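Please open the viewer alongside the text and follow the topics in order.

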Amino acid sequence: MTLRRDCPVCGLYEPVLVYRQRFAVADDGRRITGYDVVECGGCGAVYADGIPSQEALDGYYAVASKYEYLECGGQAPASLEGSHRDMVERLLPLLPDQARKIVDVGCGNGDVLGLLRRAGYVNLLGVDPAEHSAAAARRLYGVEVVPGGVLAMPPTAAQAGCIVLSAVLEHVREVAQALREVSGMLAADGLLYIEVPDLERFACDGSAPFQQFSVEHINYFTSDSLVHAATAAGLGLAQTWSALRRTGTAPEPVVCAVFKLARTVVGHGTRDRVGPAAVRRYVAQSEALETVERARLERLTAAGAPLIIWGAGTHMQHLLARPPLADATIVAIVDANPRLHGVVVAGLTVSGPESIAGRDEPILVGSPAHEREIIDAARRVYGLENRFVSLTPPLAADCQTL
Ligand SMILES: [Zn+2]
């Protein structure tokens with residue numbers, strides 16, 4: 001089920017198609033099965049059109065977590081902690097009063113709040129739609145997290161001195177409504193910190209082609225379009241800067257911006273200067289890489305030999321929706337991430353790697369960025385001796401060239 005979507009920045013519906021993203025995942029009514037990446041003919045903002053309703057997406061996030069590290073003992077990876085520390089260090093000079101209320105919306109396990117607590121801040125509140133967040137945040141950092149999100153702010157967030165929205169706005173269908181609701185929780189002199197992936201710096205270095213058009217990200221902001229969206233919601237820009245977020249093996253460029261409540265609401269009235277060109281540059285780069293990848297896959301699947309796939313995330317869902325992999329003989333799809341277990345991809349139910357014990361078909365590594373970790377885990381944790389095949393060079397030592 002998909003719905004047409006007005007521009008999340010200016011509200012017009014004048015989509016110009018840039019790229020058609022599709023995923024080989026079964027439609028359960030709330031999961032994103034694909035979308036059109038479009039440029040708004042009005043303001044130039046780039047976003048995903050044709051996605052489930054906000055209500056459906058909320059249902060998805062209530063049971064899924066945006067974090068991939070739940071299987072790692074519930075701890076944030078060191079790389080992510082580093083990114084959070086960079087963010088907090090940048091925010092501290094803006095927050096001289098340690099008694100002011102700071103609210104982190106979409107706080108996950110409360111990692112950022114934990115750092116703020118260590119820095120001496122005492123009035124901290126986390127908000128997250130995921131059911132496990134409150135218990136995890138209490139256990140890890142002794143901070144309070146309540147259920148909610150940008151479109152369901154808890155009353156206790158009111159009069160906040162600072163609200164943090166990091167890795168949130170790229171997931172939200174109703175951006176204007178979310179920004180208005182969140183700003184309504186700010187004290188008169190409160191600050192809103194927003195951090196989103198930076199479309200202007202999208203690149204395939206270290207990540208798979210089209211990875212930025214993921215199964216969860218539906219807004220592709222530049223600093224221009226982010227400021228336009230915030231301005232339309234009654235916010236004024238105080239500061240903006242660029243940073244790198246390290247959630248996986250490839251650092252992700254992000255736009256960081258601090259806003260204050262504006263005294264007068266003004267329409268932005270201008271077009272995004274860089275987004276339309278940036279998204280086309282990224283699509284061209286992804287298509288070039290994918291041509292190479294497709295040739296490898298054609299060689300691999302030509303004989304029709306059965307394959308196991310390890311990795312059921314964005315990249316594999318994208319590849320399985322297209323030839324040649326859509327026509328290949330796939331006998332099992334596994335992933336170490338429990339949030340993907342039970343999801344139906346290419347007609348197969350994704351399960352844990354232990355489910356392929358005793359099978360001898362070759363394993364195609366579906367997540368190029370995590371190839372080394374996947375092979376190590378397969379050998380050491382699961383005791384698997386299957387042959388591995390890789391999507392991309394450079395190949396891991398015991399991976400066969402396609
Ligand atoms: Zn627009």
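Two residues are in contact if their C-beta atoms, placed from the backbone, lie within 7 Å. Keep that cut-off in mind for the helices that lie across sheets, starting with helix 3 (residues 111-118), which lies across strand 4 (102-105), strand 5 and strand 7 (160-166). Helix 3 runs at about 175° to strand 5. Please note that this is a predicted model.

**The chain as a whole**

- The chain's secondary structure amounts to nine helices and 18 strands.
- A compact globule of 402 residues would have a radius of gyration near 21 Å, and the chain agrees with that, having 21 Å.
- Of the 402 residues in the chain, 47% are buried.
- Take the contacts between residues at least 6 apart in sequence: 69% of them join residues at least 24 apart.

- Seven strands make up an open sheet with mixed pairing, in the order 6-5-4-7-8-11-10.
- At its edges are strand 6 (145-147) and strand 10 (235-245), each pairing on one side only.
- From one strand to the next, the twist averages 20°.
- Strand 5 (residues 124-128) pairs with strand 6 in the parallel sense, over three bridges.
- Within this pairing, V127 has V146 in strand 6 as its bridge partner.
- Helix 6 (residues 223-232) also packs on the sheet, where it touches strand 8 (186-197), strand 10 and strand 11 (252-261).
- The direction of helix 6 makes about 25° with that of strand 11.

- Four strands form an open sheet in the order 1-2-3-9, with antiparallel pairing.
- Strand 1 (15-22) and strand 9 (219-220) are the edge strands, and each of them pairs on one side only.
- Strand 2 (residues 34-40) and strand 3 (residues 46-49) run antiparallel and are joined by four bridges.
- Helix 7 (residues 275-301) lies across strand 1, strand 2, strand 3 and strand 9.
- Relative to strand 1, helix 7 runs at about 30°.

**Helix pairs**

- Two packed helices are described by the angle between their axes and the distance between the axes.
- For helix 5 (residues 175-183) and helix 6, the axes come within 9 Å and cross at roughly 60°.
- That angle makes helix 5 oblique to helix 6.
- Helix 5 and helix 6 cross in a right-handed sense.
- Their contact involves V175, A176 and L179 from helix 5, together with A229, A230 and A232 from helix 6.
- Helix 3 packs against helix 4 (residues 133-141) at an angle of about 30°, and their axes are 10 Å apart.
- Helix 3 is therefore roughly parallel to helix 4, since angles under 35 degrees count as such.
- The crossing of helix 3 and helix 4 is right-handed.
- On the helix 3 side, L113, G114 and R117 meet A137, L140 and Y141 of helix 4.

Technical notes:
Residues numbered from 1 in each chain as written. Predicted model: local features only at pLDDT ≥ 70, side-chain atom pairs only at ≥ 80, totals over all residues. Pairing = 2+ DSSP bridges. Helix = DSSP H or I, 4+ residues; strand = E, 2+ residues; numbered from the N terminus. Axes fitted to C-alpha atoms, helices over the stretch in contact; angles between N-to-C directions. Rg over C-alpha atoms; globule rule 2.2 N^0.38 Å. Buried ≥ 20, exposed ≤ 12 C-beta atoms within 10 Å, placed from the backbone. Parallel < 35°, antiparallel > 145°, perpendicular 65-115°, else oblique. Left-handed = near helix turned anticlockwise from the far one by under 90°.
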